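My notes follow the display.

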Amino acid sequence: MANVKKHEPLFHIVKRDRMPIWQSLIIRLAAIVLGLLFCGLLCNIILDVKPMELYKTLYDGVFGTERRIWKMAKDLAVLLCISLAVTPAFKMKFWNIGAEGQVLMSCLAAVACTIYFGGKMPNWVLLICMAAASILAGMIWAVIPAIFKAKWDTNETLFTLMMNYVATQLVAYFLIVWVPSGSSSLGEQAFGHMPIVYHRYFILVAVVAVLTIFMYIYLNYFKQGYEISVVGESQKTACYIGINVKTVIIRTLIVSGALCGIAGFLIVSALDHSVTTDAVGGRGFTAIMVSWLAKFNPLIMVATSFLIVFLQQGVYEFANDYGISTAFQNIIVGIILFFVIGCEFFINYKIMFTRKEVAKK
Amino acid sequence: MKKLLSIVLALIMLVSCFALAACGDANNDAKDTDAATDTGAADTNGEVNANADFKLGVILLHDEFSTYDLNFMNGVEEAKAALGLTDEQVIMKKNIPESDACYEAACDLVDEGCNVIFADSFGHETYMIKAAKEFTDVQFCHATGTMAHTEGLANFHNAFASIYEGRYLAGVAAGLKLNEIKEAGALKGDVPKMGYVGAFTYAEVMSGYTSFYLGAKSVCPDVVMDVQFTGSWYDENAEKSAAQALIAAGCDLISQHADSMGAPTACEEANIPNVSYNGSTVEDCPNTFIVASRINWAPYFELICKNTMAGEAIPTDYTGTIATGSVVLTDVNAQAAAAGTAEKLEEVKAGLLDGSVKVFDTATEGFITVGGAALASYMADVDTDAAYEKDTEVVADGYFHESEFRSAPYFDVQIDGITLLNSAY
């Protein structure tokens, strides 16, 4: 015992008090910069590319032309919309990893409207039908696991995950039904296109901007938003103060599903005018990361989804320019996220070096 | 301590910002001078390169890990070398899904100054047409598509190849191998049986496996074939397990029309001969790979580049053939193929070239039958329309005229001897 006492560790870790926001922001930014520096170094070592080339191509890939800036804004908006959708559930500690399937089902519903009603009604009526069908489909796909969770306490993670696969198979099935030639490639549909105002992505971006502000207000200033926080913190507390937990779970998932529905509607009406099994392309999962990184704050999610879209789009161009596998995208995004998540440690804790402590004493 | 940490971090940021700005400029300059010398070199480099501001853009569904896309990438590289194009003159966009992203990628390529833009996947077509309507001074070319001949756009073109002839040749090699196995008494069942891993029950796939089967049947008359569909163009696990299931069901030889290494790998593991597609798999499957047919896209890429540079029109619907060098076979792997395969293939190839051999030969009795009867007439869906109407008679002069009314295949007849294990797809 005596020996152990003599051997003091070099440093020890102390939990911090709440850090001022500006300071935590600096740490996060520094983490991103360090991450980028590390990626530059990696490029230099592995690919023999000057680090500056990486940064320049990243910048060009995202801001190089007006079209690319709009593309970035559009990708950001779609990712943000799905992130907004997963947020209320996650805030409630309901692990909904089914956004992928919920969005896909709403895409399918919207395309079904264009196929069965296209040309039979005015465009604006069709668009309303598509929006309604999408929102309904998203809601149904989200509320099924919620009901099971509320009534029988089933595991929502597995349930929502499985619902993704069911959605994919349903899309594959309908593609076979709708495409008799057997190619399973539907192609762009002629009806149900969102009118173009100012720019072809403008309405999409504007809708998501409004939704972001709405979600911020909903989560922070609405009674329902407060109930979500309470259920997330402790279900027992929620019960004690008279919140009906089951109702809150089901209601919140209806909100989640509706937002997924809006995302699906926007993807079909403003972008693809079609559906494939990978129409959502994993964004239902990326959205969870976006939401979590922003600590479920819709306004900060704008920044976190920008970070991810910026990296994906920028590194894609870099990989193309230098003839590297596009899987490089995932490596870079992974490294940056490692730094960003890692820096949380320095926000929550501080390192105390033993010698200095002794000296101070 | 807190202060120290924040000061250090702020410093790091400042330094890196300056470094970014400074080096960014330096690099800009370097790149500009590079570009200048490149153009200079190209000008003195002969007539083709006189068009130094010519650019080719290529949109790919996947990347080099898909044999399908790799085949296009190889074609681009070959054409690039033949025409003496520089790296800057060819821009490839990989992993572009069949959605609005394709239109976006095409527009981005226009912004980058591409004069001709090519897309490689069937589902890209409607988005390419959208881009073609918007940018009328840029040429848009699309492989495997069906709409150019009816769309009436001067700058939108389809291309394919008479790959059924290549499949037929590959089938001949398969038939010879089956004969060898039969003579050795090593057949798994009573009759030689082939297994085929297909993607979808779609004309391109059906034309492919039927011509492969007919090639085998031309030298091994009692052969039968089972086809298993995966419902995906690229799904390594599904393709591998489909091949394994076919092997377990008693197939003596496997071929495939799907884009991954799934089926060839399964064959190498089970030591079952494999006739491949899109390219040689001999490196990974030295004991089982016999031969592969593939479309060589290089002649087409050369054509569209040359014509665009010269200001000449690109054919609206181009069908590459054995004669244009678009339909080719890889080298025969002597370790797995039957003796005399290469010689026989040369002989049949000469027959295909001079027209004495027809792949979809409806005249020879018992060669192509549907429900026991000869195929005397068939209406195919050649012109794309919303109702998928069968609009053109394609059987005449004793054979099925594949890829003659449009480049993309339209043979979708289910003939005797081939069993579809899951025709749901």
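**Sheet in chain B**

I looked up the pairing in strand E11 of chain B first: there, Tyr318(B) is the bridge partner of Ala159(B). Helices (H or I, at least four residues) and strands (E, at least two) are taken as DSSP runs, numbered from the N terminus. I count two strands as paired if DSSP finds at least two bridges between them. Strand E5 (residues 156-161) of chain B is joined to E11(B) by four bridges, and the two run parallel.

I note that the model is predicted: local features need pLDDT of at least 70, side-chain atom pairs count only at pLDDT 80 or more, and totals for chains, interfaces and linings use all residues. Residues are numbered from 1 along each chain as its sequence is written, while chains are lettered from A and ligands numbered from 1 in the order in which they are written.

I then traced the whole sheet. It is open and has six strands in the order E2-E1-E3-E4-E5-E11 of chain B, with parallel pairing. Strand E2 (90-93) and strand E11 (317-320) of chain B are at the edges with a single partner strand each, so one side of each has no neighbour in the sheet. On average, neighbouring strands of this sheet are turned by 20° against each other, direction ignored. For angles, axes are lines fitted to C-alpha atoms, for helices over the stretch in contact, and values run from 0 to 180 degrees between N-to-C directions.

Helix H3 (residues 100-111) of chain B touches strand E1 (56-59), E2 and strand E3 (116-119) of chain B, and its direction makes about 165° with that of E1(B). Helix H10 (residues 298-310) of chain B also packs on the sheet, touching E1, E3, strand E4 (139-143), E5 and E11 of chain B, at about 155° to the direction of E3(B).

**Helix pair in chain B**

I looked up helix H8 (residues 236-248) and helix H9 (residues 262-270) of chain B: their axes come within 7 Å and cross at roughly 40°. That makes H8(B) oblique to H9(B), since angles under 35 degrees count as roughly parallel, over 145 as roughly antiparallel, 65 to 115 as roughly perpendicular and the rest as oblique.

**Chain A**

I counted 15 helices and two strands in chain A. Strand E1 (residues 11-15) of chain A is joined to strand E2 (residues 349-353) of chain A by five bridges, and the two run antiparallel. Ile13(A) stands opposite Ile351(A) in E2(A). How many of the five residues of E1(A) are buried? The count is zero, with buried meaning 20 or more other C-beta atoms within 10 Å of the residue's own, C-beta atoms being placed from the backbone.

In chain A, 46% of the 361 residues are buried. The C-alpha trace of chain A spans about 85 × 60 × 35 Å along its principal axes.

**Contact between the chains**

I found 39 residues from chain B and 37 residues from chain A in the contact. On the side of chain B, the elements giving two or more residues are helix H1 (2-43), E2, H3 and helix H4 (125-134) of chain B. H1(B) gives the most, with ten residues.

Note on methods: A residue is buried if 20 or more other C-beta atoms lie within 10 Å of its own, exposed if 12 or fewer, and partly exposed in between; C-beta atoms are placed from the backbone. Two residues are in contact if their C-beta atoms, placed from the backbone, lie within 7 Å.
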